[in-house]
Structure formats: structure tokens, C-alpha cells
Amino acid sequence: MKKLIFLVPFLTFLVSCSFVSKKVTALPLLGGDDLTTDSIVFDKDQNHVTVHIYVDYPVGGNAILVNAIAEYIDEIMGGTYEGDLTNGQEVIAGYGQQEWNHMQDEYREMTADMDPEYISGIGFYSSYEIRKVYETDQVVTYVTDNDTYLGGAHGMQYQTGVTFRKSDGRRFGYDMMRNLGTEAFGQLTKQGLKDYFHEGLSEEVSDEDLKSYLLTEDDVNFLSRPNVEPYMLEEGVLFIYQPYEIAPYAAGMPTYVVSYDKIKPFLTNTAKKMLGK
């Protein structure tokens with residue numbers, strides 16, 4: 001899942017403002033309920049400002065879980081929506097227009113005193129994609145990717161994720177883990193980062209190599225864990241650092257997955273029961 005960030009010219013969408021909705025049936029919940037989602041899209045490209053939003057919005061199944069996921073989406077988008085969260089189309093339309101208005105204000109402020117010919121080549125861009133990426137009969141994981149460009153040397157990107165327990169909608173992150181300050185866990189972090197930076201290289205990454213790739217002064221055996229919460233995937237638990245958090249911008253978002261057999265000693269009993277591990 002390695003992601004490198006490059007300077008990309010401003011993107012232009014062919015559709016000015018549109019919505020797409022497609023219902024998808026997911027795995028059955030315990031108790032016989034089905035979790036269903038609508039794929040909702042908002043695209044608006046006007047006056048040098050583009051906003052793109054894609055959301056796998058929950059629309060049916062366990063009411064507690066559906067509400068928990070809807071609240072998560074609302075919070076990711078800003079947590080200001082005062083209407084009915086069960087109407088995903090209106091929620092995303094509201095946040096899409098709000099984001100476009102904000103970006104338009106930012107654009108006008110930045111270009112107010114610029115030469116008109118120079119302004120014609122500048123465009124602002126904001127993208128949110130909130131997707132369901134993993135699901136079992138016990139848990140479901142959502143991941144949010146955000147990309148923003150505000151006219152600087154490069155855009156900014158971040159990714160966050162959360163795992164929900166289906167039975168009650170509880171969110172899990174670092175609270176599903178224990179013994180994170182141990183040397184053994186530090187070795188998992190170090191190896192995960194070595195694997196990330198090794199991609200595309202012919203030789204293994206040494207401790208000294210890893211140190212040279214990072215911005216931190218921490219001992220590579222006891223590196224700070226990512227600020228954002230880890231989340232569950234089919235292959236294991238994913239950890240991700242945001243741009244500039246531990247490495248230069250050109251390094252992207254250092255990401256690694258620890259397989260369940262290796263992460264098991266660091267999971268709480270609650271997490272093990274959820275995963276059947």
C-alpha cells in the first residue's frame with residue numbers, strides 16, 4: 001500500500017455537478033440483518049475550484065451500526081450537518097457545497113491581487129473518498145482519503161481509517177492493542193518501515209539507512225507510533241504515518257501492515273474475540 005506523493009497539475013472533472021447512487025449488499029450481520037450501502041458521489045467543477053466526494057454511505061442493516069458509520073462520516077466531513085443523517089444524498093450534497101464554497105472563498109482571497117493572466121492557470125482542488133474496505137461477520141473497516149491543493153508547491157494528502165464492531169458500532173483503533181511501548185512492538189514498527197522504504201530497492205534497508213530516511217531523532221528501535229489510529233484489514237492491522245509526520249514529503253505516507261499472527265501478542269482479548277484469533 002505504498003503511496004508516493006508527486007506534484008500533479010490541477011485536475012479538471014468532466015461533470016460539473018452530479019450524483020451517482022448504487023446500492024451494494026454486504027455480508028450478513030450476526031442475527032440475520034444485512035448491511036447495505038449506497039455509493040454516493042458529489043462532483044462540482046466551477047470557477048477554478050473542483051470538489052470531489054465519494055462515500056460508501058450506510059443505508060440499511062443493524063440500526064446501531066448504520067448510525068455509528070453515518071456519524072463517523074459526518075465527523076470526517078466536519079461534524080456540522082444538522083439534518084437527518086439517514087438521508088445520505090442530502091448529507092453529502094450539503095458537505096460538498098459547503099466545501100466548494102469554502103474553497104471558492106480561499107481561491108478568491110489568494111488571487112485577489114494577482115495578474116489575471118496568471119490566475120487563469122491556477123485551480124484549487126479538494127477530494128474526499130470514504131470507502132468500506134474490509135468486512136467480516138464481526139467487523140467492518142472504513143478508510144478516508146483526502147487530497148487538497150491550494151495553489152502551493154504541492155498538494156496535501158492524508159489517510160485515516162476506523163474499524164467498527166458490527167454488534168454495537170463500537171470503534172476500534174489503538175484501544176484494541178496493548179504493550180505498544182515494548183521493544184518487541186518497536187521491532188514490528190522498524191521492520192514495517194524498512195519494508196516500506198525497501199520497495200524498489202535491490203538491497204535491504206539497514207538501521208542506518210532507515211534513520212537517514214526519517215525526520216525523527218528517535219532510536220529506530222523505539223520509533224513513535226503513527227498519530228492516526230490503526231485499523232483492521234484482511235491481511236492484518238495497518239499503520240500509517242501522514243506526510244511530514246516521520247519522513248519528508250517526497251516519502252509519501254509510510255505505511256505497513258502487521259499480519260495477525262505477528263500482531264496477536266499486542267491485541268486485547270476483546271480484539272482477539274472479534275477476529276476469532
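Q: What share of the contacts in the chain between residues at least 6 apart in sequence join residues at least 24 apart?
A: The share is 59%. The model is a predicted one, and contact here means heavy atoms within 4.5 Å.

Q: How many helices and strands are there in the chain, and what percentage of its residues count as buried?
A: The chain has seven helices and eleven strands. Of its 277 residues, 49% count as buried.

Q: Why is threonine 255 called buried?
A: Its relative accessible area is 10%, and buried means under 20%, so threonine 255 is buried. This residue belongs to strand E11, residues 255–259.

Q: What makes the approach of threonine 255 to the backbone oxygen of methionine 253 a polar contact?
A: A polar atom of the threonine 255 side chain lies 2.6 Å from that oxygen, and the cut-off for such a pair is 3.5 Å.

Q: Why is lysine 166 called buried?
A: Lysine 166 has a relative accessible area of 2%. The limit for buried is under 20%, so the word applies to lysine 166. Its place is the loop between strand E7 (156–165) and strand E8.

Q: Which groups does the side chain of lysine 166 reach?
A: It makes a polar contact with the side chain of glutamate 135 at 2.6 Å. It also reaches the backbone oxygen of threonine 136 at 2.7 Å. Polar contacts are counted within 3.5 Å.

Q: Why is arginine 178 called partly exposed?
A: Its relative accessible area is 36%. Buried is under 20% and exposed is over 50%, with partly exposed in between, so arginine 178 is partly exposed. Arginine 178 sits in the loop between E8 (171–172) and helix H4.

Q: How do you know that arginine 178 and proline 265 come together, given that they are 87 residues apart along the chain?
A: Their C-alpha atoms are separated by 8.2 Å. The side chain of arginine 178 reaches the backbone oxygen of proline 265 at 3.2 Å, and the cut-off for a polar contact is 3.5 Å. Arginine 178 is also in contact with Phe266, Leu267, Thr268 and Lys272.

Q: Why is the pair of tyrosine 196 and phenylalanine 197 called edge-to-face?
A: The ring centres are 5.1 Å apart and the planes are at 90°.

Q: Why is the pair of tyrosine 244 and tyrosine 249 called tilted?
A: The centres lie 5.6 Å apart and the planes are at 35°. Stacked is under 30 degrees and edge-to-face is over 60, so the pair of tyrosine 244 and tyrosine 249 is tilted. Tyrosine 244, at 42% relative accessibility, is partly exposed, whereas tyrosine 249, at 10%, is buried.

Q: What makes lysine 44 count as a charge over the ring of tryptophan 100?
A: The charged end of lysine 44 is 4.2 Å from the ring centre of tryptophan 100. The distance limit is 6 Å, and the charge must also be within 35 degrees of the ring normal. Arginine 131 lies over the face of tyrosine 54, at 4.0 Å from the ring centre.

Conventions. Residues numbered from 1 in each chain as written. Predicted model: local features only at pLDDT ≥ 70, side-chain atom pairs only at ≥ 80, totals over all residues. Heavy atoms only, no water. Helix = DSSP H or I, 4+ residues; strand = E, 2+ residues; numbered from the N terminus. Buried < 20%, exposed > 50% of the residue type's maximum accessible area, 1.4 Å probe, protein only. Polar contact = N/O pair within 3.5 Å; in protein donor to acceptor, adjacent residues only side chain to side chain. Phe/Tyr/Trp six-rings, centres within 6.5 Å; stacked < 30°, edge-to-face > 60°. Lists of a residue's contacts leave out its neighbours within four places in sequence.
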